[in-house]
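Morning, everyone. I'll walk through one model today, chain by chain and then across the contact. Please have the viewer open.

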Amino acid sequence: MRQGRQLDEIRVNKELLNGALETPAWWKWAVLFFATIVVTGFVVFGIQTNKGLGVTGLSRPVFWGAYITTFVFWVGISHAGIMISAILRLTQAEWRRPVTRAAELLTVFSLLTALSFPVIHAGRPWRIIYWIFPYDFARGLWPNIRSPLIWDPAAIGTYLTGSTLFLYVALLPDLGVLRDRTTGWRHAMYGALSLGWRGNPRQWRLQTVAGVLLSALMLPIFVSVHSIVSWDFAVTPGVEGWNSTIFAPYFVIGAVHSGVSAVVTMMALMRWLWKWDNFIRPEHFDALARLLIVVATAWFGFTVVEILFSLYTLEGPELAFRDMQIFQWPWSGMFVTFLLCAFFIPVTMWLFKSVRSSIVLMFWTSILVNIGMWLERFLIIVPSLARKQPFVYTWGSYQPSIVEFTMMAWSFAFVAMNMLLFARFFPLIPLFESKESMVFTTEMKIGRTTIPAVLREQE
Amino acid sequence: MAKTSILGLYEDPEDGAKAMDALHAANMDPNDFDVLTGTPYPEGAFGEHVPQHRLFRFPVFGAMVGFTLAIVFTAATQLAWPIVTGGKPILAVPAMLIITYELTMLSAVVMTVIGILFESRLPNFNPGAYDTRITEGLIGVVVSVEEGRESEIEAILNNAGAMETKRA
C-alpha cells in the first residue's frame with residue numbers, strides 16, 4: 001500500500017528542491033556545529049603531526065588501533081551506495097527510487113573520510129605519498145605492489161572515482177531542473193554542470209542504460225574493495241584471528257550490513273529534517289528492514305563460522321586468543337555489546353512489522369547496528385595485535401586517547417557537514433526517479449479492491 | 001542554409017505525440033525534430049524513433065586499455081627494482097592481478113561515463129529553442145527548420161494542440 005500522496009511534477013520539484021533552493025533555518029546551525037568539530041579535528045591532527053603518534057594510545061605491540069578501525073568502518077559504510085543503488089537498480093526494485101542518491105552520496109563522502117584515516121594514522125602524513133606514487137626516480141624505486149597497503153589505495157581510488165562518476169551521471173537530469181529553476185551564478189553553475197541537458201529520448205534512453213551498465217560495472221568493484229581491505233589483515237600470517245580465508249566475504253557482507261543501516265539512519269534524518277514524508281515513506285523503511293534481516297543473518301552466519309573454524313584446529317595460541325577476545329574483560333564486554341547491537345537486538349526487533357514501519361525505531365536500531373559494527377572491527381584488529389607475539393612479556397593492551405576520540409568525532413562531523421553542504425546545492429532525492437515512478441505507477445481495480453501497480457517496459 | 005529552432009509546448013503527452021505524427025506526415029527528416037520531457041517516458045510514447053547507441057563498446061575498450069596499462073605498470077615497476085623474496089619469481093602474479101583488476105575496472109568505468117556523455121550528445125550548450133516549463137511537466141516538441149518554412153511548422157505544431165510555440 002502506498003503511504004503518501006501522489007504529486008504532480010511542479011509539486012515534486014518544489015518539495016524535493018526545498019533544501020537546494022531555500023536555506024532551512026536549522027541548516028546554518030547544523031553546518032556551524034559540524035564545522036566546529038571538523039576544525040577542531042584539523043587542529044588536533046596538527047598537534048598530532050607536530051608531537052608524533054605518542055599522543056595516541058598506540059604503543060607496542062598494538063600499532064593499529066582506533067584509526068584503522070575507523071578506516072575499515074567508513075569503508076564499510078561506503079558499501080551502502082552500490083548495494084542500494086546498483087543491486088536494486090539491476091533488479092528494478094521500485095522502492096529504491098528515493099534512496100539511491102543519498103546512498104551514493106554516503107558512499108562518496110564515507111570513502112573520502114576512510115581515505116583520510118591511513119593519512120592520519122601514518123603519523124608523518126607526507127610519507128603516504130611514498131605508498132601511492134613513484135618516488136626517487138634517480139634510483140628507479142617504485143611502490144611495492146606486493147603490499148596490501150598498495151592494493152588499498154588502488155581499490156578505494158577506483159571505487160571512489162567510479163562512485164563519484166556514477167553519482168554525477170545520475171545527477172544530470174536533476175541539474176537540468178535546477179538550471180531551469182535558478183538565476184544568476186547558480187543558473188550558470190547548474191547550466192555548466194548539466195552540460196546542456198534537455199531531456200530528449202536519446203538522453204533518457206542513455207540515462208537508463210547508464211544506470212544499468214554502471215551498476216553492473218560497479219558491483220565487482222564494490223565486492224573487491226572490502227575484500228582487499230580485509231586482506232590487509234588476512235594475508236598476514238602469524239597474527240591470531242587475522243590469517244583467515246573467510247575474511248573477504250565476511251568483510252563484504254559486514255560492510256553491506258553497516259552500509260544499509262547507515263542509509264536507514266540517513267533516510268530517517270532526511271524525512272525529519274526536510275519533511276519529505278511524501279517521498280520517504282514507512283514502506284521504504286519496511287523494505288530496507290526486510291533486506292537488513294537477510295543481510296544481518298548472512299553476516300551473523302559468517303561471524304559464527306569464523307569463530308568455529310578458528311576453534312576447530314584446536315591450536316593453543318588460537319584458543320587462547322579466542323578465550324581472551326570473548327571471555328576476558330574488557331574485550332568480553334565489547335564482544336557482548338557488539339553481538340547485541342549488531343545482530344540480536346535489531347534483527348529481533350525488525351521481525352515485527354510495527355518496528356519496521358516505525359521510523360523512530362528504525363533510526364535507533366540502525367544506529368545500534370553501526371555501534372556494533374565499529375566494535376566488530378575493533379575486536380578483530382586490537383586483541384589480535386595485543387597478543388601478536390608468542391612471549392607473554394611482549395603482550396600489551398591498548399586504549400584510544402582523547403586525540404583518537406577527537407579524530408573519530410571529526411570523521412562523523414566531516415561526513416555530516418559534507419552531506420549538508422551537498423544538500424544545500426543539490427537534491428538528495430532524485431527528482432527524475434520520483435517523476436518516472438509517477439509515470440509508471442497506476443492503480444488497478446481487481447474485484448472490489450484497488451491495488452497499486454507498477455508498469456514496466458519490455459526489455 | 002541557416003536553420004531556425006521552433007518549440008511547441010503541450011500539456012498533454014497525447015498532443016505531443018500528435019505533433020510528432022504530424023511532423024512525420026509532413027515528410028520532415030526525423031533528425032530535424034525531437035521531443036523534450038522532464039520525465040523519462042516509455043520508449044516510443046511519442047512515436048519517436050528509438051535511438052540507437054554504441055555505449056557497450058566503450059567499457060570494453062576502456063577495460064582493454066586499463067588491463068594493458070596495468071600489466072605494463074605492475075611488471076615494469078617490479079622489474080625496475082627487482083626484489084628477490086625467498087627465491088620466488090620477481091613478478092608476483094597474484095599481486096599483479098589485484099592491481100590489474102582494479103585498473104581494468106577503473107578504466108572501464110571512466111570510458112563508460114565518457115561514452116554516456118558522447119552518446120547523449122553532451123555537452124551541448126547551444127540547444128536551440130527551449131522552455132524551462134519542460135522540467136515542470138510540459139512536453140516540448142522542438143523542430144529544426146529551414147528558413148521560409150517556419151510558419152508551416154508552427155501551424156503543424158499549433159494544429160496538434162500546442163499551448164504555445166516559440167522560436168530561437
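First, a term: helices (H or I, at least four residues) and strands (E, at least two) are DSSP runs, numbered from the N terminus. On that basis, B:His49 lies in the loop between β2 and α2 of chain B. B:His49 has 13 C-beta neighbours inside 10 Å, so it counts as partly exposed. B:Asp34 is 15 residues from B:His49 in sequence, and 9.6 Å away in space, C-alpha to C-alpha.

Some ground rules. This is a predicted model: local features need pLDDT of at least 70, side-chain atom pairs count only at pLDDT 80 or more, and totals for chains, interfaces and linings use all residues. Residues are numbered from 1 along each chain as its sequence is written, while chains are lettered from A and ligands numbered from 1 in the order in which they are written.

Now chain B as a whole. It has four helices and four strands. The order from the N terminus is β-α-β-α-α-β-α-β. Its radius of gyration, taken over C-alpha atoms, is 26 Å. Buried residues are 39% of the chain.

Domain 1 is 3-52 + 123-167, and domain 2 is 57-119. Those bounds come from an automatic or database domain assignment. The C-alpha centres of the two domains lie 46 Å apart.

Over to chain A. It has 17 helices and two strands. Its radius of gyration is 23 Å, close to the 23 Å from the globule rule for 459 residues, so chain A is as compact as a globular protein of that length. The C-alpha trace spans about 75 × 60 × 45 Å along its principal axes. Of its residues, 47% are buried.

How do the chains meet? Call two residues in contact if their C-beta atoms, placed from the backbone, lie within 7 Å. Chain B gives 49 residues to the contact, and chain A gives 49. On the chain B side, the elements giving two or more residues are β2 (33-36), α2 (57-80) and α3 (93-119). The largest share, 15 residues, comes from α3(B).

Look at α2(B). Its buried residues include B:Phe58, B:Gly62, B:Gly66 and B:Ala70. The buried residues of this helix pack against α9 (201-234) of chain A together with α3 of chain B. And α9(A) itself? 24 of its 34 residues are buried, so α9(A) is largely enclosed by the rest of the structure.

Last, the core. A nonpolar core is a set of buried Ala, Val, Leu, Ile, Met, Phe, Trp, Tyr and Cys residues joined through C-beta atoms within 7 Å. The largest one holds 141 residues, and A:Ala102, A:Leu106, A:Val260 and A:Val263 touch the most other members. A second, separate core has 26 residues, including B:Ala17 and B:Ile139.

Conventions. Buried ≥ 20, exposed ≤ 12 C-beta atoms within 10 Å, placed from the backbone. Rg over C-alpha atoms; globule rule 2.2 N^0.38 Å.
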